[in-house]
Amino acid sequence: MGFRAVLTCVVLSFYLQAGSSQDVDAVPVLNCCEGDVLFLLDSSGSVSSFDFSHMLSFLSDLVLPFSLGPDQVRIGLLQVGTDPHLEFGFGAYSSQRGLQSALRRTKQLGGDTNTEEALVIAKERVLRSGMPEGARPGLPRVLVWLTDGVEPGDVQGPMADLREDGVAVLVVSTGRGNYQILRDVASPPSEEHLYFVDIEDMSIITEDLRNAIIEIIRAERLQVRDISSTSAELFWRPVLAGAGHYDIRFGPVRSGNVEVVGGSPGTNPLTEFGHYQRIVRPGDSSSAKLTNLRPDTKYLVTLHPVSNPELFNKLNTTFTTQPVPPVKPEVQSPAQVSVSESTMNSVRVSWGPLQPDLVQSYHVEYSVLPAGKLHVVKVSNTQNSTLLTNLQPGTQYLVTVSARYFSGRERAMSVKVCTEEVLPALADLQLTTVGSDSVKVQWKGSADGLRGYWVTWEGEPTHSSIQRSTLYLPPHLLSTTLTQVPPNTRVCVSPVYKSARGDGLCCTAHFSSAALTWSHRL
């Protein structure tokens with residue numbers, strides 16, 4: 001089985017995520033979500049103090065970008081030991097500074113891994129609405145279980161009860177553990193909600209786990225779409241269930257006179273503004289058309305759900321209408337440049353529109369960024385594309401298309417492109433059965449640019465499902481042992497590079513009384 005992804009890169013943009021749990025103010029805030037997230041942390045004696053500190057550091061980095069508060073994300077921490085302890089509940093911290101300080105103060109409990117009792121506390125006190133430390137009604141609830149996988153206990157029943165109650169369960173295991181149990185307790189799909197990772201490499205899954213949480217608790221609050229110069233569409237998440245009505249007010253923002261109380265647009269009442277329009281929509285509505293707007297003007301809009309006897313917070317946001325479209329000047333070539341047919345050594349560059357009556361010829365210049373040798377290709381005025389060849393694999397180029405006009409003028413447009421990366425395939429894969437349900441997986445690989453390996457394994461399909469799991473390993477590891485492996489499991493290993501996966505190899509393990517070895521070589 002092989003894995004291959006093709007990447008065509010027209011304009012490279014780099015997203016640099018930099019942050020530290022010690023520098024709260026420097027981290028961009030993800031004002032995207034609304035929900036309650038409880039972390040169930042294995043704090044028993046089976047976890048070394050070194051591993052425990054790594055788990056806390058991982059938690060700190062994981063939650064750092066979230067915006068906290070009563071109308072945002074709330075975080076709780078429940079430690080698992082002989083006597084499980086609620087370190088802090090959902091209402092404890094509404095700022096990152098306080099939360100990060102609490103995580104740094106957290107001490108390991110030690111003792112036995114009493115996960116069953118911890119789940120009772122989670123269900124009865126923390127994840128239940130109406131309790132002093134409980135969850136908020138009507139909002140997503142997430143349980144993230146961080147465990148070393150050692151003796152998880154009888155957790156399948158309690159976890160199933162939580163899932164049936166609407167709690168999303170995500171699992172992170174830093175050991176090999178009992179795969180079947182961990183797979184059973186994680187909310188489906190398990191490939192998105194179950195993670196196996198070495199303790200020192202937990203940062204590898206930080207972004208994926210955070211994105212999985214975001215997908216569950218993402219809040220569709222107040223949004224303005226389809227903005228033109230004179231109108232816009234307002235959308236919101238319904239909260240009235242058909243009863244009551246929505247009071248909507250919107251008007252131009254007076255320069256220097258906008259203040260959002262509480263600090264986060266979209267969640268707090270707005271301050272007084274000048275002339276405004278008002279419309280009312282019934283309680284079963286979720287959108288409204290805002291009309292008679294001024295072009296190129298910033299507007300403030302507030303939505304107030306009104307229903308007796310319940311009291312709802314006002315929501316507000318700002319938006320700017322489009323300017324009146326100017327009269328378009330005559331289109332001159334090249335007005336657009338695009339890239340296609342990218343390979344490791346070539347790329348096709350196209351442009352338009354063709355103007356043979358005005359343009360004498362086109363010159364295509366390209367060089368390796370940031371300061372490579374400049375190459376020039378001359379193209380006739382009736383041709384709108386050319387294939388650049390003899391390029392270097394996995395390399396970024398700056399390509400400039402210049403139109404030389406008969407009048408002597410020139411017009412140019414540039415684009416950044418990158419060739420495909422060389423993706424060497426895995427050369428060797430060997431499986432050795434260990435006992436009746438374990439497999440040692442070994443392979444060879446040491447290519448330049450290697451980022452790691454994906455190990456996937458799945459058993460024979462049953463009437464109900466296919467047992468499938470994945471494991472990401474860093475590039476210096478060339479073997480791993482899979483436990484609790486079903487009979488006739490197919491194991492695949494593929495190398496991971498910067499832009500895509502290389503071709504992998506697969507073998508099927510057949511268990512018997514004696515240890516056997518299967519291999520696959522290219």
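**Cysteines and cores**

Modeller: The torsion about the S-S bond of C492 and C506 is about 115°, so the disulfide (a pair of cysteine sulfur atoms within 2.5 Å) is right-handed. This is a predicted model, in which local features need pLDDT of at least 70 and side-chain atom pairs count only at pLDDT 80 or more, while totals for chains, interfaces and linings use all residues. Residues are numbered from 1 along each chain as its sequence is written, and side-chain values use heavy atoms, leaving out hydrogens and water.

Biologist: Is C492 buried or exposed?

Modeller: C492 is buried, at 4% relative accessibility. Buried means under 20% relative accessible area, exposed means over 50%, and partly exposed lies in between, using a 1.4 Å probe and protein chains only. C506 is buried as well, with a relative accessible area of 6%.

Biologist: And what about C507?

Modeller: C507 is in no disulfide, and the nearest cysteine sulfur, that of C506, is 7.8 Å away. C507 is buried, with a relative accessible area of 8%.

Biologist: Changing topic, which residues touch the most other members of the largest nonpolar core?

Modeller: They are L40, L143, M159, V441 and W443, in a core of 50 residues. A nonpolar core is a set of buried Ala, Val, Leu, Ile, Met, Phe, Trp, Tyr and Cys residues joined through side-chain atoms within 4.5 Å. Helix 3 (residues 115-126) gives the most to this core, with 5 residues.

Biologist: What is M159 in contact with?

Modeller: Leaving aside neighbours within four places in sequence, M159 is in contact (heavy atoms within 4.5 Å) with L40, L119, L143, W145, V169 and V185. A second, separate core of 37 residues includes V73, A168, M202 and I217.

Biologist: How many helices and strands does the protein have?

Modeller: The protein has 7 helices and 28 strands. Of its 522 residues, 47% are buried.

Note on methods
Helix = DSSP H or I, 4+ residues; strand = E, 2+ residues; numbered from the N terminus.
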